[in-house]
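Please examine the sequence and the model displayed here. The paragraphs that follow lead through several of its local features in turn.

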Amino acid sequence: MITMLDVSLRAGVSKATVSRVLNGTGQVKQSTRDAVFRAMEELGYRPNFLAQSLATRSSNSIGLVLSNFDGPYFGKLLRQAAKDVEASGKHLIVTDGHDTPEDEAEAVRLLADRRCDAIVLYTRHMSQAQIMALFETLPMPLVVINRDVPQARDRCVFFEQQQAVFEAVSYLIGQGHRAIACITGPMATPTAQQRLAGYQAALTAHGIAFNPGWVAEGDNKVTGGYHACRTLLAEDPAFSALFCSNDDMAIGAMKALQEAGKTLPDEVSLFGFDDQPAAAFLQPALSTVYLPIDAMIETAIAQTLRLLNQQPVAPLAPFTGQLRVRDSVVTGPFFTPEN
């Protein structure tokens, strides 16, 4: 096995100099650095990064915890994160939170044990108290995505969930719909709670009574949307529009509506959330809310790097959505509102 000593002998420098080159510490002439890297290449030497991290207390890596790895939403986030972290000269280490607060917290601890220089956490389940405990106890910077923690706004990258749904449902109401059903995500999550609150707020703002029979809980998956829509149709099929809390559930709901003989958008208008790539290619093309997850993770990585470089950081402004109105929604006052 080739060792650091072998590299130092080939390069004609001390072992300590090789160590400084690998760790990026101390003053080393460029010609010496070039000689060390040339010797490493000639010998096929690969540094032991675990040993380096133990010695320097830095792994030159940023950890990323995702709630899960399912679907294009997290794929888009992951591609942008890898691009931004690699551009900074660091490595990205990704782990799965398995959609539970316990596993999300355990994933953070795992990355901390691996001596990541900083951690970015995308959480769906952890409470504000749990997140604050991490902020207060972790020895490295932590930036959180998908959660607004008022006490730590400079560490939080979040989206105005409630306002985005309010605007989507208000748009449906503006097209004449008053019988609007809703499929939520898992109601144990703050995201699902905020999106349901946006749906309810839009109804209230337009003088429409909330009908709990037109709300069904899904699981953020296509099959969950399909079964939730079947439940709605079995309970009371008189709704003229359906808002789904993400595009995957809207895809499942679309199939359930079509199986029930409902014509989209003439009999039922359908609205999703996330604007995943497939949404524009469905038949009919799915109206949805664009959520700028790539810009959010880019902001999170940039804030993380500022914290690592001990630069001043300021509270981050929330991200907002944009409506993508397509063929799944009737445009114009097709339905006559009730008085």
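Phe-69 counts as partly exposed because its relative accessibility is 43%; buried means under 20% relative accessible area, exposed over 50%, and partly exposed in between, with a 1.4 Å probe and protein chains only. This residue belongs to the loop between β1 (61–66) and α5 (71–87), where helices (H or I, at least four residues) and strands (E, at least two) are DSSP runs numbered from the N terminus. The model is a predicted one, in which local features need pLDDT of at least 70 and side-chain atom pairs count only at pLDDT 80 or more, while totals for chains, interfaces and linings use all residues. Residues are numbered from 1 along each chain as its sequence is written, and side-chain values use heavy atoms, with hydrogens and water left out.

The helix α5 is paired with helix α12 (residues 293–308): their axes come within 9 Å and cross at roughly 35 degrees. Axes here are lines fitted to C-alpha atoms, for helices over the stretch in contact, and angles run from 0 to 180 degrees between N-to-C directions. Among the residues of α5 that meet α12 are Tyr-73, Leu-77 and Val-85, and the α12 side includes Ile-293, Ile-297 and Ile-301; contact means heavy atoms within 4.5 Å.

Another loop, between α9 (190–205) and β7 (215–217), holds Trp-214. Is Trp-214 buried or exposed? Trp-214 is buried, because its relative accessible area is 12%. Leaving aside neighbours within four places in sequence, its contacts include Ile-180, Cys-182, Tyr-199, Leu-232 and Phe-239. The C-alpha atoms of Trp-214 and Ile-183 are separated by 8.4 Å, although these residues are 31 residues apart along the chain.

Thr-32, in helix α3 (residues 30–43), is likewise buried, as its relative accessibility is 17%. Apart from neighbours within four places in sequence, Thr-32 is in contact with Val-13 and Thr-17.

The backbone also deserves attention. The peptide bond from Leu-264 to Pro-265 is cis, with omega near 0 degrees, and Pro-265 lies in the loop between α11 (247–259) and β9 (269–271). Gln-283 and Pro-284 are likewise joined by a cis peptide bond, with omega about 0 degrees; Pro-284 is in the loop between β9 and β10 (288–290).

His-98 is not a glycine, yet has a positive phi of about 55 degrees. Arg-115, also not a glycine, has a positive phi of about 60 degrees and lies in the loop between α6 and β3 (118–122).
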